[in-house]
Amino acid sequence: AEIGGRLLAKWNLPPEVCSAIQFHHSPTTEAAEPFQRSAAAICLGDWIAHHLNEPEPALRPEHGILLAPLELQEDAIQPMFARTQKGLEPVKGLLDM
């Protein structure tokens, strides 16, 4: 994440994009300010991507801190996850999932 954020900065991407990538493994730390919301969104997306093959994964307690910057309730995660799984159905064969 650190290297990715630095590489994106070298490519002159906007600071919000670079910082969000750089801090997506620790989006609620002070270092992530003022891009906590973007970093938390990427962190949540990363979590969803890593759990796509599970029928109903549960957020670990440490992921609960992502909800506040995103203004989400925990019960919003499962429907979001299900929509992502459903949206990927047509391309699953192409992605070898």
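Where does Trp-11 lie? Trp-11 is found in the loop between helix 1 (2-10) and helix 2; helices here are DSSP runs of H or I with at least four residues, numbered from the N terminus.

Before I continue, a word on the model. It is predicted, so local features need pLDDT of at least 70 and side-chain atom pairs count only at pLDDT 80 or more, while totals for chains, interfaces and linings use all residues. Residues are numbered from 1 along each chain as its sequence is written, and side-chain values use heavy atoms, leaving out hydrogens and water.

Is Trp-11 buried or exposed? Trp-11 counts as exposed because its relative accessibility is 55%; exposed means over 50% relative accessible area, buried under 20%, and partly exposed in between, with a 1.4 Å probe and protein chains only.

Let us turn to helix 3. This helix covers residues 36-50 and has 15 residues. From first C-alpha to last, helix 3 reaches 21 Å, close to the 21 Å expected at 1.5 Å a residue; the expected span is 1.5 Å times one less than the number of residues. Its buried residues include Cys-43, Leu-44 and Trp-47. The buried residues of helix 3 pack against helix 2 (15-22), helix 4 (67-70) and helix 5 (77-88).

Next, the core. The largest nonpolar core has 12 residues, among them Ala-40, Leu-66 and Phe-81; such a core is a set of buried Ala, Val, Leu, Ile, Met, Phe, Trp, Tyr and Cys residues joined through side-chain atoms within 4.5 Å. Helix 3 supplies the largest share of this core, 5 residues.

Methods:
Helix = DSSP H or I, 4+ residues; strand = E, 2+ residues; numbered from the N terminus. Contact = heavy atoms within 4.5 Å.
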